[in-house]
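Walk through this fold with the model open beside you.

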Amino acid sequence: MRLHDADPLDPSVLLLQDRHRSHFVDTEQLQEVLCPRQQMRAFLSQWRMDPRIRPYVIQAGFYGIYRLGHIIIDWPLITCLVERWRPETHTFHVPVGEMTITLQDVAIILGLRIDGPAVTGTCVLDVAKLCGELLGVTPPADALRGSAISIRWLCQQLSTPGPDVDEVDLERSARGFILALMGSFLFVDKKGVHVHLCFLPLLRDLTQTSTYSWGGAVLAHTYRELCRASLDNRCGISGCITLIQDIRVTGTVPLGCRPVSHGFITQYGPAGLLTGYKQSNSEHYRYGPAGLLIEVTHQ
């Protein structure tokens, strides 16, 4: 890439440059910052986890996502990264080379499983029957958008199970919680207010839910949303934005991106935490609980 020209030196590989966001920025047709659609903060404020459903959420493998909480999104940083994302190669093109988000990043940052059966199924659903069986409630027409269900409606119906509910009802509440968590953080759509019901059949048996490769599904969804946001004057970006950003440390690449060559030596430290030592100075960076990057400066 030229220093002051966003167009590629060799157009034989990057064939979508005329539609790419960097082209519109370079020709001054586009100056707006992208609006990330992640809704984790709204979800956490609306739905306080009932202690009785916590064992089911842990069993399903999503309690770590809940514990991550809300991470403030740096909109200009995400916009800059999208401008460097190439849908032809699924990599970020940066001065040090090409970098991308890998399954290892998903496992470290989000704690989701990256092996096991693929997350797949049908989008043709009997919504009333499926929700009645697995959630115990049937959504009205105004709570649906195709085969996607309103997260707000799920919260209103399932966030406060009664004092005398049985195990079946607690499992239903846990399914609603996990489904809303997916729509607010992992599989965010373009508006961030609905979640697709195609995931609900995979929550039928919560003892088996954790065996699926949810990390692979989140990575594929994030790749697709990065590709969409990088083309055709898009004003927003969906998907798991935290996976793109997570924590940014001055002078380093964004956490979640593995460059080809960036001057780091990495190794696994105590408790399996990934540790990185920056070669150029005495600063020490390591991954702490929940995959957050911690900076320690030696005196």
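Two strands pair if DSSP finds at least two bridges between them. Helices (H or I, at least four residues) and strands (E, at least two) are DSSP runs, numbered from the N terminus. This is a predicted model, in which local features need pLDDT of at least 70, side-chain atom pairs count only at pLDDT 80 or more, and totals for chains, interfaces and linings use all residues. Residues are numbered from 1 along each chain as its sequence is written, and side-chain values use heavy atoms, with hydrogens and water left out.

Begin with the whole chain. The protein chain holds 12 helices and 13 strands. It has 299 residues, and 47% of them count as buried. Buried means under 20% relative accessible area, exposed over 50%, and partly exposed in between (1.4 Å probe, protein chains only). The accessible surface comes to about 14700 Å², with 54% belonging to carbon and sulfur atoms. Such areas come from the Shrake-Rupley method with a 1.4 Å probe; for residues, only the protein chains shown count as cover. Contact means heavy atoms within 4.5 Å. Among contacts with a separation of 6 or more, 68% join residues 24 or more positions apart.

Now turn to the sheets. Strands S5, S6 and S7 make an open sheet of 3 strands, in the order S5-S6-S7, with antiparallel pairing. Strand S5 (144-145) and S7 stand at the edges with a single partner strand each, so one side of each lacks a neighbour in the sheet. S5 and strand S6 (residues 148-150) run antiparallel and are joined by 2 bridges. Arg-145 has Ala-148 in S6 as its bridge partner. Helix H8 (residues 151-158) packs on this sheet and touches S6 and S7. The direction of H8 makes about 60° with that of S6. Axes here are lines fitted to C-alpha atoms, for helices over the stretch in contact, and angles run from 0 to 180 degrees between N-to-C directions.

Strand S2 (residues 85-86) pairs with S3 in the antiparallel sense over 2 bridges. Arg-86 stands opposite Thr-91. The two strands form a hairpin with 4 residues between them, and His-90 in the turn has a positive phi of about 55°. S3 also runs antiparallel to strand S4 (residues 97-100), joined by 3 bridges. Here His-93 faces Glu-98. S3 and S4 form a hairpin with 2 residues between them.

Next, the aromatic rings. Rings of Phe, Tyr and Trp (its six-membered ring) pair if their centres lie within 6.5 Å; planes under 30 degrees apart count as stacked, over 60 as edge-to-face and the rest as tilted. The whole structure contains 12 aromatic pairs. One of them is the stacked pair of Phe-187 and Phe-199, at 4.5 Å centre to centre with 25° between the planes. Phe-187 lies in the loop between helix H9 (167-186) and strand S7 (194-196), and Phe-199 in the loop between S7 and helix H10 (206-209), so the pair ties together parts 12 residues apart in sequence. Both Phe-187 and Phe-199 are buried. Phe-199 also pairs with Trp-214: the ring centres are 6.3 Å apart and the planes at 50°, so this pair is tilted. Trp-214 belongs to helix H11 (residues 214-229), so the pair ties the loop between S7 and H10 to a part 15 residues away in sequence. Trp-214 counts as buried because its relative accessibility is 2%. Elsewhere, ring pairs link Phe-43, Trp-47, Tyr-63, Tyr-66 and Phe-177 into a cluster.

Asp-189 is found in the loop between H9 and S7. With 16% relative accessibility, Asp-189 counts as buried. A polar atom of its side chain lies 2.4 Å from the backbone nitrogen of Gly-192. Beyond neighbours within four places in sequence, Asp-189 is in contact with Arg-37, Arg-145, His-194 and Ser-238.

Ala-229 has its place in helix H11. Its 2% relative accessibility makes Ala-229 buried. Not counting residues up to four places away in sequence, Ala-229 touches Arg-21, Leu-34, Val-82, Arg-234, Gly-236 and Ile-237. The C-alpha atoms of Ala-229 and Thr-79 are separated by 9.1 Å, though these residues are 150 apart along the chain.

Key. A polar contact is a pair of N or O atoms within 3.5 Å; within protein, one must be able to donate a hydrogen and the other to accept it, and residues adjacent in sequence count only if both atoms are side-chain atoms.
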